[in-house]
Protein chains: 4
Amino acid sequence: MTAPAQGHVADGVHHFPIRVYYEDTDAAGIVYYANYLKFAERARTEMMRCLGVEHEKIRRDAGVVLAVRRATIDHLAPARLDDELQVTTRLIAAAGATVTLAQEVRRGSDVLARLELIVACLTTSGRPRRLPPALVAALASIFRKDQHMVSEHAH
Amino acid sequence: MTAPAQGHVADGVHHFPIRVYYEDTDAAGIVYYANYLKFAERARTEMMRCLGVEHEKIRRDAGVVLAVRRATIDHLAPARLDDELQVTTRLIAAAGATVTLAQEVRRGSDVLARLELIVACLTTSGRPRRLPPALVAALASIFRKDQHMVSEHAH
Amino acid sequence: MTAPAQGHVADGVHHFPIRVYYEDTDAAGIVYYANYLKFAERARTEMMRCLGVEHEKIRRDAGVVLAVRRATIDHLAPARLDDELQVTTRLIAAAGATVTLAQEVRRGSDVLARLELIVACLTTSGRPRRLPPALVAALASIFRKDQHMVSEHAH
Amino acid sequence: MTAPAQGHVADGVHHFPIRVYYEDTDAAGIVYYANYLKFAERARTEMMRCLGVEHEKIRRDAGVVLAVRRATIDHLAPARLDDELQVTTRLIAAAGATVTLAQEVRRGSDVLARLELIVACLTTSGRPRRLPPALVAALASIFRKDQHMVSEHAH
């Protein structure tokens with residue numbers, strides 16, 4: 001049952017659509033602030049699935065899990081019920097036992113929230129562990145495209 | 001910004017895909033029991049959107065909201081992380097101030113949860129109110145297809 | 001670290017206080033319908049803790065887990081932000097591999113939601129299993145009080 | 001219905017107890033990363049309630065809402081099912097249209113998560129607005145105690 005990953009990668013950025021449902025909103029009429037972290041995690045999971053890396057697979061094959069070590073989120077404007085959002089995910093760095101990602105939650109061209117995440121690679125017992133080479137290689141396949149873009153823009 | 005509804009209707013049943021993320025699971029390693037109600041509500045919302053009926057639109061145009069009055073859920077088997085599920089929604093009845101729906105959460109051909117919902121049509125101040133004719137007509141467009149199927153099968 | 005159970009038992013009914021926070025509400029300005037199941041589960045967990053039965057302990061000692069097999073919820077009136085609610089839990093029956101419970105979510109003397117739950121006792125691999133005698137005995141300690149009440153009232 | 005605030009203030013720090021339930025955990029067997037933001041918001045709400053400031057009251061009286069503008073969270077160690085946690089909240093600054101808070105989620109003496117939050121004071125239509133004097137005065141009542149502590153320690 002190898003269901004397709006959602007979202008797509010363009011120019012080194014993963015794009016993932018999210019629809020806002022009642023469950024996501026609060027009594028202020030807007031998306032509850034913690035739920036942007038849920039949206040961001042769905043997008044990271046699908047980005048990984050794009051790379052052929054499922055949580056269970058990486059745990060089974062490499063004995064590691066990825067855990068958010070630090071998250072910073074800037075709330076710039078609220079999302080609302082029925083909104084159709086896009087979450088973008090961009091790789092900043094993957095080195096040692098750490099992946100750094102930048103994410104945005106957008107409605108059309110408006111950036112509603114901006115996140116920076118430091119994700120740690122851990123053994124299943126919680127010790128830091130170097131990123132598996134297969135994962136770095138997979139992430140690099142996005143990163144390289146990004147570099148390509150940068151050099152194209154440099155011309 | 002009229003984004004397309006997700007899911008599709010076939011033979012009088014609305015089908016809606018759901019992916020299971022970490023946020024949906026609990027420490028027992030399975031989808032947390034209350035979260036099936038979230039999945040079911042997403043599916044109902046998309047079924048309504050298929051019919052051209054958004055929550056905000058119906059509130060604005062007809063001054064009514066739809067609220068679950070009674071929900072019964074049978075948990076038959078657990079869903080797990082990374083599972084790709086389907087939520088089916090079928091209209092049982094739409095009359096007076098009440099819509100009755102049957103929903104299932106499926107993984108492939110396995111039914112994991114079965115729901116029956118009684119949804120009440122309320123004024124924004126919470127009084128029961130007859131279903132708006134436009135909504136009944138929209139729901140009937142599914143129901144009719146279903147009846148059609150039934151009579152086809154009868155031959 | 002044996003922290004005290006929350007709530008108290010009176011006349012065979014467990015009472016558990018819940019405060020409504022933003023996370024519990026939705027854009028309709030009321031508590032989201034699935035979240036009553038969260039409130040109910042917190043109350044059941046604390047009722048069990050009152051009996052000296054923690055999830056982890058029962059899994060470790062008796063090799064079983066308790067899983068909701070069927071839940072019916074009637075939404076009678078909405079709860080709102082900052083509300084202070086009470087969840088009551090009453091044992092209906094405990095026999096074989098099944099516990100039946102009745103719960104209510106109340107604000108003062110108003111019943112906002114009424115639940116009936118059938119909870120199954122399962123092995124960790126998901127097979128039905130007779131309730132552990134220690135658990136039945138613990139539940140009976142509430143049930144007996146209740147019976148006592150009934151006979152007192154009968155006089 | 002003026003229910004008491006939960007938690008207590010000691011030495012300029014608000015302490016609020018949280019119990020971990022199934023709803024808070026995920027399939028990795030630990031508290032889901034976004035849920036620490038829920039815990040933190042519950043604690044901030046109770047800190048405000050300690051000061052006599054409820055969300056609805058401040059919106060009604062002063063026409064303002066408080067919204068998290070920026071949150072940074074460091075995940076140091078995981079919380080688990082049945083854990084009893086403490087959330088501490090400390091005022092860093094309250095000036096202009098912004099309140100800065102430091103929060104920690106602790107299990108006993110272990111700090112599991114550390115948060116820094118910038119909370120903006122907004123009109124109900126989302127424009128920045130100076131903090132209401134009554135709110136600043138209420139917050140200062142904690143802050144002053146803190147200053148007092150500092151000067152005591154200085155001797």
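**Entry 1. Chain A against chain D**

I began with the contact between chain A and chain D, which takes 21 residues from each chain; contact here means heavy atoms within 4.5 Å. The model is predicted, so I noted the limits: local features need pLDDT of at least 70, side-chain atom pairs count only at pLDDT 80 or more, and totals for chains, interfaces and linings use all residues. Residues are numbered from 1 along each chain as its sequence is written, chains are lettered from A and ligands numbered from 1 in the order in which they are written, and side-chain values use heavy atoms, with hydrogens and water left out.

I looked up the area next. Chain A and chain D bury about 1,800 Å² between them, and 50% of it is on carbon and sulfur atoms. Buried area is the accessible area (1.4 Å probe) that two parts lose on being put together, summed over both. On the chain A side, A:Tyr33, A:Leu37 and A:Arg69 lose the most area to chain D, together 30% of what that side buries.

I found four salt bridges between chain A and chain D. A salt bridge is a side-chain nitrogen of Lys or Arg within 4 Å of a carboxyl oxygen of Asp or Glu. D:Asp74 and A:Arg70 form one, at 3.0 Å from N to O.

Which elements of chain A supply at least two residues each to the side that touches chain D? They are α1 (35-50) and β3 (64-75). Helices (H or I, at least four residues) and strands (E, at least two) are DSSP runs, numbered from the N terminus. β3(A) gives the most, with eight residues. I sorted the residues of this side into twelve nonpolar, two polar and seven charged. Ala, Val, Leu, Ile, Met, Phe, Trp, Tyr, Cys and Pro count as nonpolar, Asp, Glu, Lys and Arg as charged, and the others, Gly among them, as polar.

A:Arg69 forms a salt bridge with D:Asp74, the closest N and O atoms being 3.0 Å apart. The pair crosses between chains, from strand β3 of chain A to strand β3 (residues 64-75) of chain D. Are the two partners buried or exposed? A:Arg69 is partly exposed, at 34% relative accessible area, while D:Asp74 counts as buried at 15%. Buried means under 20% relative accessible area, exposed over 50%, partly exposed in between (1.4 Å probe, protein chains only).

I then turned to chains B and C. B:Arg69 forms a salt bridge with C:Asp74, with the closest N and O atoms 3.1 Å apart. This pair also crosses between chains, from β3 (residues 64-75) of chain B to β3 (residues 64-75) of chain C.

**Entry 2. Chain B against chain A**

Here 23 residues of chain B are in contact with 23 residues of chain A. The two chains bury about 2,300 Å² between them, 46% of it on carbon and sulfur atoms. In chain B, B:Tyr21, B:Tyr22 and B:Glu23 lose the most area to chain A, together 27% of what that side buries.

I found six salt bridges across this interface. In one of them, A:Arg49 pairs with B:Asp82, the closest N and O atoms being 3.5 Å apart. β2 (13-19), α1 (35-50) and α2 (55-62) of chain B each supply at least two residues to the side that touches chain A. α1(B) gives the most, with six. That side divides into seven nonpolar, three polar and 13 charged residues.

**Entry 3. Inside chain B**

I also looked up B:Arg49, which forms a salt bridge with B:Glu46 at 3.1 Å between the closest N and O atoms. They are three residues apart in helix α1 of chain B, so about one helical turn separates them. B:Arg49 is buried at 8% relative accessibility, and B:Glu46 is buried at 0%.
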